[in-house]
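Keep the picture open as you read.

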There are 2 protein chains.
Amino acid sequence: MTDPNRPSDHAAQPDGVSRRRLFGLAGVGALGVGAGVAGGLAVARATDGDAGAAQTALGQPVAGPSVWPFYGAQQSGIVTPAQDRLHFAAFDLSAAATRDDLVRLLKAWSDAAAKMTQGQEAGEFGALSGPYDAPPDDTGEALGLPASRLTVTIGFGPGLFRDSAGRDRFGLADSQPDHLQPLPHFPSDNLRPDLTGGDLCVQACADDPQVAVHAVRNLSRIAFGTASLRWSQLGFGRTSSTSTSQATPRNLFGFKDGTANLKAEDPAAVDEHVWVHEDDDPKASWLAGGSYLIARKIKMHIETWDRTSLSEQEQIVGRDKRDGAPLSGGDEFTLPDFEAAGRDDKPLIGPVAHIRLAHPSQNDGVRILRRGYNFADGNDELGRLSAGLFFIAFVRDPDKQFIPLQTRLSRDDTMMEYLQHTGSGIFAVPRGAQPGGYVGDTLLA
Amino acid sequence: MTDPNRPSDHAAQPDGVSRRRLFGLAGVGALGVGAGVAGGLAVARATDGDAGAAQTALGQPVAGPSVWPFYGAQQSGIVTPAQDRLHFAAFDLSAAATRDDLVRLLKAWSDAAAKMTQGQEAGEFGALSGPYDAPPDDTGEALGLPASRLTVTIGFGPGLFRDSAGRDRFGLADSQPDHLQPLPHFPSDNLRPDLTGGDLCVQACADDPQVAVHAVRNLSRIAFGTASLRWSQLGFGRTSSTSTSQATPRNLFGFKDGTANLKAEDPAAVDEHVWVHEDDDPKASWLAGGSYLIARKIKMHIETWDRTSLSEQEQIVGRDKRDGAPLSGGDEFTLPDFEAAGRDDKPLIGPVAHIRLAHPSQNDGVRILRRGYNFADGNDELGRLSAGLFFIAFVRDPDKQFIPLQTRLSRDDTMMEYLQHTGSGIFAVPRGAQPGGYVGDTLLA
């Protein structure tokens, strides 16, 4: 049996190309069907609906680094080098849905995700090859586009185990992980119920937003009658790196974000801080090899920040804006020296600088795997951009990692004056499915 | 003097590479300052704020095909090969703004756009080099990113000439073009006032959304006190090609969209259908060499469409879904044969097929330059995706081109059952600025 506590093979894959290729090799079907350059834009995808095709792709990129596997010890989309774009969606199960419906849905989602991540169309017949008088199995807008490093990561909210009235709708209450509880209220929270919670989540990441949107749309279509979209979010410009092969991107405060993030190339740290271990929670051993996904929609008060001096911005962050180096000196990857003092013996990194409050050395060694994205949703009635950070983190133990960290930040961090948390969700992300299985079968089968 | 009726030089530039480069050559300052590969991700941009740098870039891509000029006979972003991403923004001038404020704003916007399109930072000092105790001139989130083929296109709404009460706020009423009037109500309209209108518009297109968002954000910041965001929209996956070097992309109905679009490589047609001519409107000769931008936010009833048969979908569109070929036969670029009949002598392309109703041969030869994008804004309370088409078109004469076409489509096109127009705007887009000048100086100087 595969060790569920080991990052899946692809995490350590040396080719960490993180940008869409000009003329990609992606999207080539596993059986080599239908490959060919179309219009110089992209590569045609396999258009036959052979379910076997996806299954031969087990655990391995089918055709180079722009395709990630769906099947494997872990779900892709966690330690996978962060793609450029996100479509995140939370779903609620319908009032009438049964446990059988839930299993059918997870099987159908897993099958469709296995195909779409390989650059193939969803469903038995895909977009074009089904009965002419029936709605197509796939909505078609990704035809001709490469797989674009699509990953689809599926998670389970607390409501799957006990609904808001405490009912055990699917006979799963006894398997609810201790740590899978709605997050507590944090001081800076102003959560909107319509952007919070959800029985299921889908995190679709790809280098092309059309590919990520196509994935969520088709999973939503497949769920029709069983589950419906509760809330969803598009993101761009990943705000953290999950591989040492990626440069650190900037968030909408203009600062490099995620410098100290956990990286796939440090499997021991990932194992310690991201993957749930077999003995973490005896009644939730089904989650071994999985993780917890925490999503937070964080609106930034962009206009206020933009009227703050460079000096103040750097003091708040605790890093310099140009290179991301700690204010104690060095370069981006130099460890911050929280003792270093400047004029008047004042610490170079202030007592409530973000970098200090969030640093593992100040938080009992807590580390998290961040995988967030920027967002911009238009503007409010006062002409302020509705933009910010769609924070996503993967942790082994929300109660020991995210909750104490966020409690401290939301209480002390000056940056909070420029932030408002408006959406929130927590989901248990099972280990990866094996061919013939489905995501969640360790819980439901 | 440059002939304003000629597409600017870059339109005919042979290198039509339309995808972000893996390791771009873009973002190199015009004076060769600060070029160097950073972290394998992108190229550093010039970080000095030398205003002369942008001006040496006049009318020419600075460093290859991933940088478009800001200055030139026409504004970039019209016949420029459509980039992958859009941030569109409409602004209202504040009640207190004067004509001098308007001129100052347009000068400042032009200066900032000239820099940002060349991969430089906005403002005299940029993001990092200003006084440490002052807010930075540039918000910084595009630092380290290439120019990403950014174009910034500025337009003037009817309200600039006469406000909604008919007042001539800026002494411009006598120069209002006859064709610059709020669009009439179309049968399928369900416009939201907060997504409609605007005194000014900015169309920022780039291959990287972070770069497009950065542009709109900084122009909005510069406008603070003079103008504020009224509405704005992010878009992805361009839905039309404006160059023969681009493959035709698919809209969210899954069909290739924009096959018959005007292309930059046909300058005679562009001249006839896009650019305003000197003698088109004697009292608006300032608009010669410019165009009209029409924006429509069109929500698609995705879920309903997805439950329609492939046969029905193709009948509604009049093209096949796989290749985009007309149902009368051939390939994508074969001219449709509206007389061709099939079984029972029924026309292969039905009487109300979209392709028939929209085709120039059925509309007195009317052609438009489409430059729209897909969008996805989350979902509604019923779990339906809030997604669709953000339609943008450039025309020489809205009254002869867009209005009759849209009147016919909104009345007869079966596709309208799957669409709802929720936002709308019309803007006069002046010719391009010359170095030392600004967009709109032919009207205001």
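## Helices side by side

In chain A, helices α2(A) and α3(A) are roughly antiparallel to each other, because their packing angle is about 155 degrees and angles over 145 count as roughly antiparallel. Before going further, keep in mind that this is a predicted model.

For α2(A) and α3(A), where α3(A) covers residues 209-222, the axes are 10 Å apart. Their crossing is right-handed.

Which residues do the touching? On the α2(A) side you'll find A:Ala108, A:Trp109, A:Ala112 and A:Met116, and they meet A:Ala215, A:Asn218, A:Leu219 and A:Ile222 of α3(A). Sort the residues of this contact by class and you get 7 nonpolar, 1 polar and no charged.

Now hop over to chain B. There, α2(B) spans residues 99-117 and α3(B) spans residues 209-222, and the two pack at about 155 degrees with axes 10 Å apart. That makes α2(B) and α3(B) roughly antiparallel to each other, and their crossing is right-handed. The contact uses B:Ala108, B:Trp109, B:Ala112 and B:Met116 from α2(B), together with B:Ala215, B:Asn218, B:Leu219 and B:Ile222 from α3(B). Its class count is 7 nonpolar, 1 polar and no charged residues.

## Two domains in chain A

Next, zoom out to the whole of chain A. It is divided into domain 1 (26-157 + 199-236) and domain 2 (164-196 + 237-429). Where they touch, domain 1 of chain A puts in 25 residues and domain 2 of chain A puts in 34 residues.

Which elements of domain 1 of chain A supply at least two residues each to the side that touches domain 2? They are β3 (85-93), α2 (99-117), β4 (151-156), β5 (200-206) and β6 (227-236) of chain A. The largest share of that side comes from β6(A), with 5 residues.

## Where the chains meet

Time to bring the two chains together. In this contact, 57 residues of chain B touch 57 residues of chain A. On the chain B side, the elements giving two or more residues are α3, β6 (227-236), α5 (302-306), α6 (310-317) and β9 (373-379). Of these, β6(B) gives the most, with 7 residues.

How are the two chains related? Two copies of a chain are related by a rotation about an axis and a shift along it. Here, a rotation of 180 degrees with 0.0 Å of shift along its axis superposes chain B on chain A, with an RMSD of 0.0 Å. That is the relation of a two-fold axis. The same surface serves both copies, as 100% of the contact residues of chain B recur in chain A.

How values were computed:
Residues are numbered from 1 along each chain as its sequence is written. Chains are lettered from A and ligands numbered from 1 in the order in which they are written. This is a predicted model: local features need pLDDT of at least 70, side-chain atom pairs count only at pLDDT 80 or more; totals for chains, interfaces and linings use all residues. Axes are lines fitted to C-alpha atoms, for helices over the stretch in contact, and angles run from 0 to 180 degrees between N-to-C directions. Helices (H or I, at least four residues) and strands (E, at least two) are DSSP runs, numbered from the N terminus. Angles under 35 degrees count as roughly parallel, over 145 as roughly antiparallel, 65 to 115 as roughly perpendicular and the rest as oblique. A crossing is left-handed if the near helix is turned anticlockwise from the far one by less than a right angle, and right-handed if clockwise. Two residues are in contact if their C-beta atoms, placed from the backbone, lie within 7 Å. Ala, Val, Leu, Ile, Met, Phe, Trp, Tyr, Cys and Pro count as nonpolar, Asp, Glu, Lys and Arg as charged, and the others, Gly among them, as polar. Domain bounds come from an automatic or database domain assignment. Copies are superposed by least squares on the C-alpha atoms of residues with pLDDT of at least 70 in both.
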